[in-house]
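Colleague: I have just opened this structure and would like to learn how to read it. Could you take me through it step by step?

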Amino acid sequence: MLDLEVRTNNDGIRPLEDIFGNPVARVLDFLIIHEPFDYSLLEISQIANIPVSTLQKSIPLLVEKGLVEERGKGENTRLFALNLKSDLSLSLRQYVQAKINYDIEREKISRGFKTKLSAPSIKGN
């Protein structure tokens, strides 16, 4: 088994945050990478290292834009997930997956594995 640890920054794989550099991008990266599960604000905060106060501002914006959906309520808390019915969310997901695959291939090359490296591409449905 190939043991690769691909990191785009010190905290883990975050392709959108690497481009946009803000907590909203970090939330989207988190929900894309940890799809199809739903999470409370507290869970997102703890796992993605984003203050709850920041999430209280950014999650409603992402819900309003249709990128994130509220999937119901847990015990005294609301749960959120990537909106898989949104073309924009699906496009962002495709980008994140392509970028991660590209980074894996780049890491293989840097470690001396023979592989074919091409620019990331997003394939249609």
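Modeller: Gladly. Let us begin with touching: contact means heavy atoms within 4.5 Å. Please keep in mind that this is a predicted model, where local features need pLDDT of at least 70 and side-chain atom pairs count only at pLDDT 80 or more, while totals for chains, interfaces and linings use all residues. Residues are numbered from 1 along each chain as its sequence is written, and side-chain values use heavy atoms, with hydrogens and water left out.

Colleague: Which residues does Ser 40 touch, not counting those up to four places away in sequence?

Modeller: Ser 40 touches Thr 77, Arg 78 and Leu 79.

Colleague: And is Ser 40 buried or exposed?

Modeller: Buried means under 20% relative accessible area, exposed over 50%, and partly exposed in between, using a 1.4 Å probe and protein chains only. Ser 40 counts as buried because its relative accessibility is 7%. Pro 51 is partly exposed, since its relative accessible area is 47%. Over the chain of 125 residues, 34% count as buried.

Colleague: Where do Ser 40 and Pro 51 lie among the elements?

Modeller: Helices (H or I, at least four residues) and strands (E, at least two) are DSSP runs, numbered from the N terminus. Ser 40 sits in the loop between helix H2 (23-33) and H3, and Pro 51 in the loop between helix H3 (41-48) and H4. The chain has five helices and two strands, in the order α-α-α-α-β-β-α from the N terminus on.

Colleague: How do I check the length of a helix such as H4?

Modeller: The expected span is 1.5 Å times one less than the number of residues. H4 (residues 52-64) has 13 residues and reaches 18 Å from its first C-alpha to its last, close to the 18 Å expected. H5 agrees too, because its 24 residues should span 34 Å and its end C-alpha atoms are 35 Å apart.

Colleague: Which residues of H4 are buried?

Modeller: An α-helix has 3.6 residues a turn, so residues three or four places apart point the same way. In H4 the buried ones are Leu 55, Ser 58, Ile 59 and Leu 62. After H4 comes Gly 66, with a positive phi near 85 degrees.

Colleague: What is the largest nonpolar core made of?

Modeller: A nonpolar core is a set of buried Ala, Val, Leu, Ile, Met, Phe, Trp, Tyr and Cys residues joined through side-chain atoms within 4.5 Å. The largest one here has 21 residues, and those with the most contacts inside it are Val 27, Leu 28, Leu 31, Ile 44, Leu 55 and Ile 59. H2, H3, H4, strand E2 (77-82) and helix H5 (87-110) each supply at least two of its residues. H2 gives the largest share, six residues.

Colleague: How do H2 and H5 cross?

Modeller: Axes are lines fitted to C-alpha atoms, for helices over the stretch in contact, and angles run from 0 to 180 degrees between N-to-C directions. The axes of H2 and H5 come within 10 Å and cross at roughly 80 degrees. H2 is therefore roughly perpendicular to H5, a label for angles of 65 to 115 degrees (under 35 is roughly parallel, over 145 roughly antiparallel, the rest oblique). Where they meet, Leu 28, Asp 29, Ile 32 and Ile 33 in H2 face Leu 92, Arg 93, Val 96 and Ile 100 in H5 through contacts.
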